[in-house]
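Dear colleague,

I am passing on the structure below, together with some notes on what was found in it. Please read the notes with the structure open beside them.

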Amino acid sequence: MTERLYYTQSYLTNFEGQIQETADEGRRAYLDRTAFYPSSGGQPFDRGTLNGVAIVDVVDEGERIAHLLDEPVTTGSAAGVIDWTRRFDHMQQHTGQHLLSAVFAELWQAATVSFHMGAESSTIDLAVGALTGAQIDAVVRRANEIVFENRPVSVVFEHASETEGLRKASERDGELRIVSIDGLDRSACGGTHVRATGEIGPVFIRKLDKVRGNVRVEFLCGARAVRRAQADYEALAKIARVFSSPLDETPALVAAQVEKLQESEKLRRKATAELATLQGRELYDNTVPNARGVRRAVRRIAKGTIDEELRLFAQGFTARPDAVFVALIEEPPTVLLAASKGGAVNAGEVLKPLLAAVGGRGGGSPQMAQGGVPSREALDGVAAALETRG
């Protein structure tokens, strides 16, 4: 059995023990006692060194904790050194999670169903359908007020049968490790935590997502929150410099520019549509009718898609009587067939069986149909078949 020093000494950065057993040619070590936290409860494992060898993973195997190493070690005395920067960051994020979960429950009766700590940010999933911006603002204010109050964070051990007042009931039997934020929260937890809420540092909620009917809240605490806030400020400052605008006026200026761009895009699309229609009509005027009196045009395109512009061009051509338009796109192999209303060619009825005959799929209305085929050869076969129509 491994004695877990981190249960009572989260601030311990150096420890001594005994390597009692190794495996995997010495790259997996089992100690009598350890301060290295294994991945558990949403919190990642600690890094550091064991007898000068880098720790690459720490695994909870029930009664024992396995230390996975970059190089082999042998049994005997052990000196462990914790990567304190990583450990303290995890302590800030995990205690911050307890704080946020308690405040969400206190203010909005939103229960936390899961927690994950990532390398850049952390998330909690809340059992609610939605949260408003005003609700999030209230949570951030309340959480940071409690940080500023520097409330004590304590750890005690209680038997499960005697434990009361937990934010979330524990499913474990026997002795529980209870982490408490004074006057706010009591939770069964095996993670590492700070001694007081002031050490959590600033609490920052960055975004919300809907995940399987819950709301996922992305948050940062402490040094992470400071780094992210600085990065966000620098990004906003660059935007302000581009617009030669004071920082506080930049959001409104960007919104106005976006609105102008959207209006310009609408005008561009309208002009493009009108031009495509006119070009289709011009092609009709310049196309000589065949022996059956049908004006037929074929356009081959090396690479592209059947987009709105191409459809409008086809409609411009076939808006006049007795017209058939074919577009053949070689990559990906695609075909568009358009025909005049009331003419001899029903685009949907003609194209669908031709596509099916070469392993393709598609269809459409009497005036316009489209579809894809599996190869260039199949496309050429459809094109040859269409030559006999119209």
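Helix H1 (residues 84-108) lies across strands S9, S10, S14 and S15 (214-221), and H1 runs at about 135 degrees to S15. Please keep in mind throughout that this is a predicted model. Helix H3 (residues 222-242) also packs on the sheet, where H3 touches S9, S10, S14 and S15, and its direction makes about 90 degrees with that of S15.

The sheet itself is open and has four strands, which follow the order S9-S10-S15-S14 with antiparallel pairing. Strand S9 (112-117) and strand S14 (203-211) stand at the edges and have a single partner strand each, so one side of each is left without a neighbour in the sheet. From one strand to the next, the twist averages 20 degrees.

To look at one pair of this sheet in more detail, S9 and strand S10 (residues 122-126) are joined in the antiparallel sense over five bridges, and the bridge partner that His 116 finds in S10 is Thr 123.

A separate point concerns two further helices. The axes of helix H6 (residues 347-357) and helix H7 (residues 376-387) come within 10 Å and cross at roughly 145 degrees, and the crossing in which H6 passes H7 is right-handed. On the H6 side the contact is made by Val 350, Leu 351, Leu 354 and Leu 355, while H7 contributes Val 382, Ala 385 and Leu 386.

Key:
Residues numbered from 1 in each chain as written. Predicted model: local features only at pLDDT ≥ 70, side-chain atom pairs only at ≥ 80, totals over all residues. Heavy atoms only, no water. Axes fitted to C-alpha atoms, helices over the stretch in contact; angles between N-to-C directions. Helix = DSSP H or I, 4+ residues; strand = E, 2+ residues; numbered from the N terminus. Left-handed = near helix turned anticlockwise from the far one by under 90°. Contact = heavy atoms within 4.5 Å. Pairing = 2+ DSSP bridges.
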